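This report goes through selected local features of the structure shown below.

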Amino acid sequence: MSNHSATDMKTIFFDECMEQPARLAEVFRAYATDGEPRRELERAKQSIRADQPLVWLGMGASYCSSISGATRYSAAGRPSFAVEASEWLHYAPGTLDAVGGPILMTTSGESAELVELCRQNERRARILMCNFPGSPCWKAADIRLPILAGAERGNATKSYINCAALSMILAAELLGQSWQTEAPQVANAFCKSLEAAFARSVDIEKFCRGAKTLEIVGRGAAVGGALMGALSVREMTTWRAQGHSGGAFRHGPFLDVDSTHVAMILALGRTSNLGRRMAWDCVTKGGRAVLVVDQDPVENGPGLMTVRIQAVPEGWEGLTSVLVPQALTQALIERLGSRYVRTATTVQ
């Protein structure tokens, strides 16, 4: 556990966000070359049965990261599910023989649910994605896939990005797809999108100022970005924010959109038109919408602000979608300060 002043945390969060491109490049390099991470990846592939649904288990940022891998695997016609480790631990251990994996994901290596799952799962190899060698989960695992995000003093920034990227790498390898041909475009688009988002951070915060409710909404892999983005805002600033899938937002929170409400709509990838329509629907109801797009047109108007980022190959939106919420978080820290203290959740 560490404690920092508001000034320290403003610098820490910004620096760790800016470090993300280098850490992403590192995970791409490590799993493309013939080293220990690559050898562990091959072992993981050999341990997962292709004829079973693939399950990914995590909590918090790790759960958000798992949505990228599950989405890629499912989009290729293979059933795959991201499940909160807590729910799996208490209600689904009896299904272990009927699923592939599961892939255990924990950035800290100390999350209570993941520690317990590592203790219990003795019928097959424990496959773990983790950022901290030597942690309790790392020691208990049989196959260890390092996230390679480096130490973090703020909330999960680098570790979310690298864990999401690693889940995409594993899913692609299991499907026989060449993620290495996509990596340069992803890395370049990620870097440019980070710069574009943070260049507008103050404008985004001013647009959102005065709202009582912030909802961040995505579809596909960008659901992970929406959930992680909302978690970033809440953890770093205590400003209330909630992440949703596009469908979940339509079937509930959309009903109470009004002038106190801001929706950040991550309109990326194949369902971008659904996101654009949702943003305008929020504005029509009197709310405000930050529309995040990766293709033209760029639309603006009363109650609508559009932020343009770079397009990535399908499925990689889990990485780029979190960048605008991160930029908003940075501007909120600068205006409101932060009382964030980094600590692992070790109690269920």
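## Strands β9 and β10

Strand β9 (residues 288-293) runs parallel to β10 and is joined to β10 by 5 bridges. One of the residues involved is Val293, whose bridge partner in β10 is Arg308. Strands here are DSSP runs of E with at least two residues, helices are runs of H or I with at least four residues, and both are numbered from the N terminus.

This is a predicted model, in which local features need pLDDT of at least 70 and side-chain atom pairs count only at pLDDT 80 or more, while totals for chains, interfaces and linings use all residues. Residues are numbered from 1 along each chain as its sequence is written, and side-chain values use heavy atoms, with hydrogens and water left out.

## The sheet

The open sheet is formed by 5 strands in the order β7-β6-β8-β9-β10, with parallel pairing. Two strands count as paired if DSSP finds at least two bridges between them. β7 (241-245) and β10 (304-308) stand at the edges with a single partner strand each, so one side of each has no neighbour in the sheet. From one strand to the next, the twist averages 20 degrees. Axes are lines fitted to C-alpha atoms, for helices over the stretch in contact, and angles run from 0 to 180 degrees between N-to-C directions.

Helix α13 (residues 272-284) packs on the sheet and touches β6 (213-218), β8 (261-267), β9 and β10. The direction of α13 makes about 165 degrees with that of β8. Contact means heavy atoms within 4.5 Å.

## Helix α13

α13 has 13 residues and reaches 19 Å from its first C-alpha to its last, close to the 18 Å expected at 1.5 Å a residue. The expected span is 1.5 Å times one less than the number of residues. Which residues of α13 are buried? They are Ser272, Gly275, Arg276, Met278, Ala279, Cys282 and Val283. These residues cover an arc of only 160 degrees around the axis, which puts them on the same side of α13; the arc is that of the directions from the helix axis to the C-beta atoms.

Buried means under 20% relative accessible area, exposed over 50%, and partly exposed in between (1.4 Å probe, protein chains only). The buried residues of α13 pack against β6, α12 (246-250), β8, β9 and β10. Asn273 and Thr284 are exposed, on the face of α13 turned away from its buried side. Just after α13, Gly286 has a positive phi of about 100 degrees.

## Cis peptides and positive phi

Most residues other than glycine have a negative phi, and most peptide bonds are trans. The bond from Gly101 to Pro102 is cis, with omega near -10 degrees, and Pro102 lies in strand β3 (residues 100-106). The bond from Asp296 to Pro297 is also cis, with omega near 5 degrees; Pro297 is in the loop between β9 and β10.

Leu148, which is not a glycine, has a positive phi of about 65 degrees. Leu148 is in the loop between β5 (143-146) and α8 (158-175), and counts as partly exposed at 23% relative accessibility. Thr238 has a positive phi near 65 degrees and lies in the loop between α11 (222-237) and β7. At 49% relative accessibility, Thr238 counts as partly exposed.

## Thr157

Thr157 is in the loop between β5 and α8. Is Thr157 buried or exposed? Thr157 is buried, with a relative accessible area of 1%. Apart from neighbours within four places in sequence, Thr157 is in contact with Phe13, Glu16, Cys17, Gln20, Glu152 and Gln326.
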